[in-house]
Amino acid sequence: MITGIAFAALLFIGAPIGIVLALSAAAYIFASNNQVLLGSYPIQMFSGVENYGLLAIPLFLILGEVMNGAGITTRLIGLARAFVGTVRGGLAYINILSNALMASILGSAAAQIAIMSRVIVPEMDREGYDRRFSVATTASAGLLAPIIPPSMMFVVYAVLARVATGDMFLAGIIPGLMMAAGFFLVIFCVGLVRPFPTPRPLSWRDRLRLLRDGGMPLLIPLVIIGSITTGVATATESAAVACVAAYLIGRFVTREFHDRDLPRMLLAAGRNAAVVLFMVATAAVFGWVLTFGKVPQDIAAWMQTIATGPVSFMLLVNLILLVIGTVIDGIPGLIMVVPILLPIATDIYGIDPVHFGVVVSINLVLGLVSPPVGIALFIAAAVTKMKPGQIFLWTIPYCVTTAVVLVLLSVFPALTLYLVR
Amino acid sequence: MRRVSLGLAAVERAALVICMTLVLGLVLLNVITRSLDYSLFWVDEAAIFAMIWGCFIGASLLVHQRMDFAVTLLTDPLPGRLRHAARVVVDALVLGFGVLMLVLCWWWFDLPTLIASGWNLQTFFEVNFNGIYMDRPTTVNLPKWLFFLVMPWFSLTTTIHATANLVEDVSAMLSGDAFAERQEAEI
């Protein structure tokens, strides 16, 4: 009880989430008079991040920085343009497609949305799209980043749930494609109601040039997948191999990468990795204390009175997470809910931990665009100088589509587990 | 205090870049040596330790830069003075965490008992059943306490940064000045 009060008070006064977790754990230890646990407190924190799978987090963040420095992002958009061509509403489809391509390289929604808002929204402005629609589409398409592998959210979940990172990556493919297809459908329907501007003509010569320029950067997702499937690298190591590929492309193909920027890139990646890793470290202490206090058992007992089977449990979890996701979303949300809900899902309802992870991740990702705390919405709004409120209404069709995918996944676990088995 | 915090942050930035270089370099070294059939068994664990050092050094730097995930849903709409007060409370909480960690690390490393044991690690272990100096990593051939040292370092630097933040925010609140802006985390 005291831990719960301490947790809520610390959270809502605006303390950093890592500190909230660490101090709530300490509050429990003092309140329950278990001071003997304090002896293991620092080593629990250290051990919380002593995990091979977590290496993927700094590595994928470094990859994102190198790719950006190498000018690969703009070329991927060009590639998507060459594929989609001059279809009416083409740029909106290009937005989704290039986001899906980026998602197959980057693992972070916020990083992707910041990059894409800067690059594709001005293009859509020039062609005469409603800016609210452009920004909402970019922010929503950014949600593909944590679902289409590789994904930092999946890496964190894999560590928390002790499942293979590779399995999580495989399980994200079909749901990610379902979301992308759903987003295409949204654009098609919006186009029926409010006809999109006619796109600029694209000659075959231009199309070939875009294909040539974008072909090389497309090697990066191929390097990631290829190095894993051939056994050259593990899922974690594939990011390091892709860093080398991105560096070589930036240095010798696009010639936009400058070695002098490398320390700045490593620092930015290190700082962002520390944000996530420190939360994982403190979550380890928090989870350890929760288990000691039998908190998951208490919540499980309550949930069993409402949810009678795995499907109703998953739907209940979705409902709870949608509410939680409006306040805490993405990786912090994952770190807070997984230690409590996962044991209930696997031990009582027999749900596959990989399936559970995908559903929970997509659900929390949805929170990235939902007010009042929607980081994706805020980033897209800040970059494009819009008000989050103006964009939110336009993100609703994408949110509804994601929610439909979520329900389908909850009811049909095979959609996530098909590629894993 | 701010000057000490600034100096420390410069050291931390450099250390963080080194840690990230080590993480990337060691993981690549592992891929290369394995494909040459000459695996170095200690590389993975060394990369993990570089990441852990990066994690805690970076976390301390985040305190200095006031850059971390937080739920500011209830504090953002507060009127100026109350919002400032909430910020001071958060500073104090982070400082409290830093001091708690310092105390816990002091107990954990237990230098007085180590000295009383005549620096004999076996005697130290028999006296208080604390395995910190006996623990060894699985593959890296160094005592693990060397890697654990990041914890007291993190505790100390976090305490210094948090004190500097608190002093700065309290004096800003008393003088009615604007606060240093909080930065957005980018994950």
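A residue is called buried when its relative accessible area is under 20%, exposed when over 50%, and partly exposed in between. With that in hand, look at A:R209: its relative accessible area is 38%, so A:R209 is partly exposed. Keep in mind that this is a predicted model. The predictor gives the complex an ipTM of 0.92 and a pTM of 0.86, and chain B averages a pLDDT of 88, with 93% of its residues scoring at least 70.

Let's stay with A:R209 for a moment. Its side chain meets that of A:D213 in a salt bridge, 4.0 Å from N to O. Another salt bridge in chain A joins A:R131 and A:D125, whose closest N and O atoms are 2.5 Å apart. A:R131 is partly exposed at 29% relative accessibility, and A:D125 is partly exposed at 28%. Over all chains, the structure holds 15 salt bridges. In chain B, a network of them links B:R2, B:R66, B:R87, B:D91, B:E168 and B:D169.

Now turn to the place where the chains meet. Here 56 residues of chain B are in contact with 62 residues of chain A. The size of an interface is often given as the accessible area lost when the parts come together. Between chain B and chain A that buried area is about 5,300 Å², and carbon and sulfur atoms give 82% of it. Five residue pairs are in polar contact between the two chains. On chain B, the elements that give two or more residues to the side touching chain A are α1 (2–35), α2 (43–65), α3 (80–109), α6 (145–148) and α7 (150–175). The largest share, 14 residues, comes from α2(B). By class, this side of chain B has 43 nonpolar, six polar and seven charged residues.

Two salt bridges are counted between chain B and chain A. In one of them, A:E237 pairs with B:R34, the closest N and O atoms being 2.6 Å apart. A:E237 lies in helix α13 of chain A and B:R34 in helix α1 of chain B, so this pair joins two chains. A:E237 is buried, at 1% relative accessibility, whereas B:R34 is partly exposed at 28%.

Next, find helix α9 of chain A. Nine of its ten residues are buried, so α9(A) is largely enclosed by the rest of the structure. Its buried residues pack against α4 (56–69), α10 (165–193), α14, α17 (330–348) and α18 (353–366) of chain A. At the start of α9(A), a side-chain oxygen of A:S151 reaches to within 3.3 Å of the backbone nitrogen of A:M153.

Finally, some backbone details. Most residues other than glycine have a negative phi, and most peptide bonds are trans. A cis peptide bond joins A:P149 and A:P150, with omega about -5°, and A:P150 sits in the loop between α8 (131–141) and α9 (152–161) of chain A. Just after α9(A), A:R162 takes a positive phi of about 55°. A:R255 also has a positive phi, near 55°, in the loop between α13 (235–253) and α14 (262–292) of chain A. A:R255 is exposed, at 63% relative accessibility.

Methods: Residues numbered from 1 in each chain as written. Chains lettered and ligands numbered in written order. Predicted model: local features only at pLDDT ≥ 70, side-chain atom pairs only at ≥ 80, totals over all residues. Heavy atoms only, no water. Contact = heavy atoms within 4.5 Å. Buried area = accessible area lost by both parts, 1.4 Å probe. Polar contact = N/O pair within 3.5 Å; in protein donor to acceptor, adjacent residues only side chain to side chain. Helix = DSSP H or I, 4+ residues; strand = E, 2+ residues; numbered from the N terminus. Nonpolar A, V, L, I, M, F, W, Y, C, P; charged D, E, K, R; others polar. pLDDT = per-residue confidence, 0-100. Buried < 20%, exposed > 50% of the residue type's maximum accessible area, 1.4 Å probe, protein only.
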